[in-house]
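Good morning, and thank you for coming.

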Amino acid sequence: MKKYDKISKWIPEKLVEMDEQISFTKQMDENAGPIILINKFNVNPEEVDKFLEAFAATDKVLKKKPGYISAQLHRGIGGSCVFLNYEIWESAGHFKQAISSSEFLSSVAELPPSTIMSPHLFKKLAVTGVCVD
């Protein structure tokens, strides 16, 4: 088995869609930008350190990819093992290309077995009197 066959089998088991109406993979086909990736991770307490190491390695790969702007990781308070990753990309196309690379797939394969992820792509929205586009 090729090492990337492992990731193609791993992701569907560990990915929980945020939106029942559109899949994360379908979102990447949208011609949109800039986009924001929000990815919620749930990790078992005993695997938090391994998760943080794998996250850092993955981000190191992504920072080198065209279209990457920035990233931030947040952790729930009070001993929570829920993490929220917020990344900004120039476009959905740039993001799709970056996460399709063998370098990325290899790094994400190092996430601990308990990791459950819920990624979703967003576009900034203007709401009159609240926020600007």
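Let me begin with a definition: a residue is called buried under 20% relative accessible area, exposed over 50%, and partly exposed in between, using a 1.4 Å probe and protein chains only. Please bear in mind that this is a predicted model, in which local features need pLDDT of at least 70 and side-chain atom pairs count only at pLDDT 80 or more, while totals for chains, interfaces and linings use all residues. Residues are numbered from 1 along each chain as its sequence is written, and side-chain values use heavy atoms, with hydrogens and water left out.

I turn to helix α4, which spans residues 92–99. Helices here are DSSP runs of H or I with at least four residues, and strands are runs of E with at least two, numbered from the N terminus. Which residues of α4 are buried? They are A92, F95, A98 and I99. Viewed down the axis of α4, these buried residues fall within an arc of 125 degrees, so they line one face of the helix; the arc is taken from the directions between the helix axis and the C-beta atoms. As a general point, an α-helix has 3.6 residues a turn, so residues three or four places apart point the same way. The elements that cover the buried residues of α4 include α2, β1, α3, β3, α5 and β4, where contact means heavy atoms within 4.5 Å.

The second topic is the salt bridges. The term denotes a side-chain nitrogen of Lys or Arg within 4 Å of a carboxyl oxygen of Asp or Glu. How many does a search of the whole structure find? It finds four.

Another salt bridge joins K63 and D59, at 3.6 Å, N to O. Both residues lie in helix α3, four residues apart, about one turn of the helix. K63 is exposed, at 53% relative accessibility, whereas D59 is buried, at 12%.

Finally, E103 forms a salt bridge with K65, the closest N and O atoms being 3.3 Å apart. E103 lies in helix α5 and K65 in the loop between α3 and β2, so the pair ties together parts 38 residues apart in sequence. Salt bridges that share partners join K64, K65 and E103 into one network.
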